[in-house]
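Dear colleague,

Please find below the structure that I am handing over to you. My notes on its architecture follow it.

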Amino acid sequence: MKRFSQYIIEQNFNTQTTGRVRIDNIIHNAERHKANVEIKNITPEKAQQIMAKAQNTTAKKAVQRREKMPGFRQKVDNLKDLMKKGVKLNVPFVELTASGNIQDGFHRTIASQELGIKKIPFAIIKHRGGK
């Protein structure tokens with residue numbers, strides 16, 4: 001499984017984009033936006049913990065809440081199929097600000113976890129003066 005996992009990290013995540021223009025602009029122009037940006041390879045579980053903490057909950061509760069959403073299973077299964085086919089997915093991220101936090105990518109982390117992927121790229125954006 002390790003070989004497949006490494007392939008997924010290198011081939012299935014486009015580390016140049018989150019899929020959100022505003023967030024990508026902050027990542028690529030961090031100094032101008034007075035932000036600290038870190039993109040690192042972490043476990044899907046750790047990414048879930050970081051995103052859940054940003055929403056003032058636990059990873060377990062965040063996952064359980066998403067599992068109850070309509071279309072959850074289909075979306076995760078579709079992501080898994082795309083990953084197996086080598087389609088590049090956007091990098092999951094969390095943005096931490098004084099006025100609130102934004103996170104995106106829970107479904108991608110769950111799909112990665114279910115595929116047994118050990119590490120995925122994850123972007124953490126912290127605005128200076130924020131959290």
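Helices (H or I, at least four residues) and strands (E, at least two) are taken as DSSP runs and numbered from the N terminus. On that basis the chain has six helices and six strands, and from the N terminus on the elements run α-β-α-β-α-α-α-β-β-β-α-β. The model is predicted: local features need pLDDT of at least 70, side-chain atom pairs count only at pLDDT 80 or more, and totals for chains, interfaces and linings use all residues. Residues are numbered from 1 along each chain as its sequence is written, and side-chain values use heavy atoms, with hydrogens and water left out.

Over the chain of 131 residues, 44% are buried (under 20% relative accessible area, with exposed over 50% and partly exposed in between; 1.4 Å probe, protein chains only). Contact means heavy atoms within 4.5 Å. Of the contacts with a separation of 6 or more, 81% come from residues 24 or more positions apart.

Four strands form an open, mixed sheet in the order 2-6-4-5; two strands pair if DSSP finds at least two bridges between them. Strand 2 (35-42) and strand 5 (100-104) are at the edges with a single partner strand each, so one side of each has no neighbour in the sheet. On average, neighbouring strands are turned by 10° against each other, direction ignored. Strand 4 (residues 93-97) and strand 6 (residues 120-127) run parallel and are joined by four bridges. Glu-95 stands opposite Ile-125 in strand 6.

The helices. Helix 3 (residues 44-54) lies across strand 2, strand 4, strand 5 and strand 6, at about 25° to strand 6. Axes are lines fitted to C-alpha atoms, for helices over the stretch in contact, and angles run from 0 to 180 degrees between N-to-C directions. Helix 3 packs with helix 6 (residues 106-114) at an angle of about 155°, their axes being 9 Å apart. The two helices are therefore roughly antiparallel (over 145 degrees; under 35 is roughly parallel, 65 to 115 roughly perpendicular and the rest oblique). Among the residues that make this contact are Met-51 and Ala-52 of helix 3 and Phe-106 and Ile-110 of helix 6.

His-107 is located in helix 6 and counts as buried, at 17% relative accessibility. Leaving aside neighbours within four places in sequence, His-107 is in contact with Phe-72, Lys-75, Val-76 and Leu-79.

Yours sincerely
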